[in-house]
Amino acid sequence: MFSPASLIRKLGHATVERIWRLGFAARFFVAILRLSGTSFRRLPLTLREIYFSGVLSLLIILVSGLFVGLVLGLQGFETLQRYGSTEALGVLVALSLTRELGPVVAALLFASRAGSSVTAEIGLMKATEQLKAMDMMAVNPIARVVAPRFWGGVVAMPLLAAMFSAMGVLGGWLIGVVFIGVDDGAFWSQMQAGVDWRYDVWNGVIKSFVFGIAVSLIAVFEGYDSVPTAEGVSRAITRTVVTSALTILALDFVLTSFMFRGAS
Amino acid sequence: MPDDILVDIEDLQFNYDGRPVLQGINMKIPRGKVVAIMGGSGCGKTTLLRCIGGQLRPTGGRVRLEKHQVCEMSEAELYRLRRKMGMLFQFGALFTDMSVFDNVAFPLREHTDMSEEMIRDLVMMKLEAVGLRGARKLMPGELSGGMARRVALARAVALDPMLVMYDEPFTGLDPIALGVIGQLIRKLNDALGATSIMVTHDIHESLLIVDYIYFLNGGRVVAEGTPDEIRASKDPFVHQFVYAEVEGPVHFDYPAPSIRQELLAGVTRV
């Protein structure tokens with residue numbers, strides 16, 4: 001039977017549950033940092049995860065970067081043409097990519113491609129008692145399984161964002177210079193003059209690094225905390241993608257508001 | 001504690017979400033013996049095993065392993081103790097991204113500084129003991145249930161543990177694989193000079209290979225004895241269990257109000 005009291009009770013229960021889970025995630029993050037020694041001492045473990053999260057995500061990142069660059073080139077040219085400043089196409093494409101689209105879109109793709117697979121892998125290891133078995137063999141699963149995957153994602157994410165941006169610039173150049181006929185020299189020189197290394201590129205790298213931490217943490221946590229059943233793991237994967245997307249967009253707003261406040 | 005007792009469990013209690021699972025368990029597991037803990041599904045057998053291994057903290061009572069109080073140990077102390085333990089999980093719990101060889105080599109690589117050559121020799125010996133030396137290059141997905149269990153057994157004894165725990169080692173196996181696993185458990189225990197605790201509900205295989213049996217029901221030890229004593233037992237619970245009888249002290253139905261009461265209550269949202 002529905003009653004206001006039961007509604008309030010359910011709401012309170014759900015709120016407490018979420019706060020408790022958030023606290024558990026924070027403790028989990030501290031445990032990863034505390035037990036990260038293995039990931040650095042035994043570098044092949046982390047390199048393997050960089051390969052799985054980074055190298056295997058390259059194709060989707062490069063292709064997406066190219067298409068985003070092509071679209072940016074088309075849209076940018078169309079708008080700049082109205083003001084007679086099509087030679088600024090290079091700087092428009094580069095700034096859009098290094099400041100925003102590179103880190104954000106690459107992170108969204110990374111969460112869907114690599115984050116979901118990390119959650120599935122850890123979740124299935126939990127469901128098939130592999131984590132328990134490791135624990136019984138006196139090997140801490142957070143040190144051996146979780147931390148290398150976390151650091152693998154943290155390292156891979158900025159590299160993927162850089163590849164995305166580079167491919168996007170190439171796409172913008174292809175559509176602007178090769179197909180539409182914008183002056184090649186103007187395209188690159190305007191870009192060189194308009195893009196500041198520290199202000200634009202470095203801030204973009206910081207963003208992608210922060211997104212890498214967020215997505216990797218969400219992915220490993222959701223896997224580790226998943227209900228060890230087929231349904232539980234599938235729900236955890238969904239939560240990884242949804243929570244990562246929302247977190248990336250929210251963090252992007254916060255970081256942008258600190259980094260780019262109309263200076264210069 | 002006398003020297004011949006490896007695991008001493010006193011008044012062990014464990015609650016899960018306020019529901020009592022173990023209610024005052026007392027057991028003594030002698031060194032060198034294979035001991036079975038039996039009982040129906042959900043009677044607390046696996047929980048008891050996990051309390052012995054320190055993966056669960058009991059709500060009351062004590063588990064003493066050698067001179068160690070398992071329930072009072074820190075995480076680091078527990079990890080040190082677990083290097084002397086091996087555990088076989090219900091479905092093997094092999095690492096699916098590693099080959100059979102790497103699975104057995106895993107504890108050796110994690111806990112010793114042995115050279116790869118030495119590890120190779122040891123892994124070969126362990127796999128030979130379970131009859132799977134020829135399968136060392138296979139991945140877990142390519143193994144049958146019985147083979148996976150044997151690989152997991154080789155992995156569990158890789159570090160020559162003093163205590164090996166088996167969680168439902170016979171589940172889902174055909175009669176031949178079941179017999180093979182049973183014999184391996186006995187032979188490996190004797191060859192290694194280890195002590196084995198086996199949680200199972202396979203009474204017939206257990207009676208053939210174990211030295212002592214504890215029966216659990218409702219979180220309590222309800223009967224115990226050697227295989228011969230169990231076979232001759234007149235205890236209604238043991239009798240029902242050994243002869244797989246439907247009627248007896250263990251009920252088939254989950255507790256519920258009477259069917260008449262439920263039907264007359266009409267449709268309500270559950």
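This is a predicted model: local features need pLDDT of at least 70, side-chain atom pairs count only at pLDDT 80 or more; totals for chains, interfaces and linings use all residues.
Local features need pLDDT of at least 70 and side-chain atom pairs pLDDT 80 or more, while totals for chains, interfaces and linings use all residues. Residues are numbered from 1 along each chain as its sequence is written, chains are lettered from A in the order in which they are written, and side-chain values use heavy atoms, with hydrogens and water left out.

**View 1. The interface of chain B and chain A.** Chain B brings 23 residues to the contact and chain A 18 residues, where contact means heavy atoms within 4.5 Å. About 1800 Å² is buried between the two chains, with 56% of it from carbon and sulfur atoms; buried area is the accessible area (1.4 Å probe) that two parts lose on being put together, summed over both. Four salt bridges cross this interface, a salt bridge being a side-chain nitrogen of Lys or Arg within 4 Å of a carboxyl oxygen of Asp or Glu. One of them pairs A:Asp135 with B:Arg82, with the closest N and O atoms 3.3 Å apart.

**View 2. B:Glu110 and two arginines of chain A.** B:Glu110 forms a salt bridge with A:Arg42, at 3.0 Å between the closest N and O atoms. This pair joins two chains, because B:Glu110 lies in helix H3 of chain B and A:Arg42 in the loop between helix H2 (37–41) and helix H3 (43–53) of chain A. Helices here are DSSP runs of H or I with at least four residues, and strands are runs of E with at least two, numbered from the N terminus. B:Glu110 also meets A:Arg144 in a salt bridge (2.7 Å, N to O). A:Arg144 is in helix H7 (residues 141–180) of chain A. A:Arg42 is partly exposed at 30% relative accessible area, whereas A:Arg144 is buried at 13%; buried means under 20%, exposed over 50%, and partly exposed in between (1.4 Å probe, protein chains only).

**View 3. A salt bridge within chain B.** The side chains of B:Glu10 and B:Arg64 meet at 3.6 Å, N to O. B:Glu10 sits in strand E1 (residues 5–16) and B:Arg64 in strand E4 (residues 60–65), 54 residues apart. B:Glu10 is partly exposed, with 27% relative accessibility.

**View 4. Cysteines of chain B.** The count of disulfides over all chains is zero, a disulfide being a pair of cysteine sulfur atoms within 2.5 Å. The closest cysteine sulfur to that of B:Cys43 is in B:Cys51, 13 Å away and too far for a bond. B:Cys43 is buried, at 6% relative accessibility. For B:Cys71, the closest cysteine sulfur is also in B:Cys51, at 7.1 Å, again too far for a bond.
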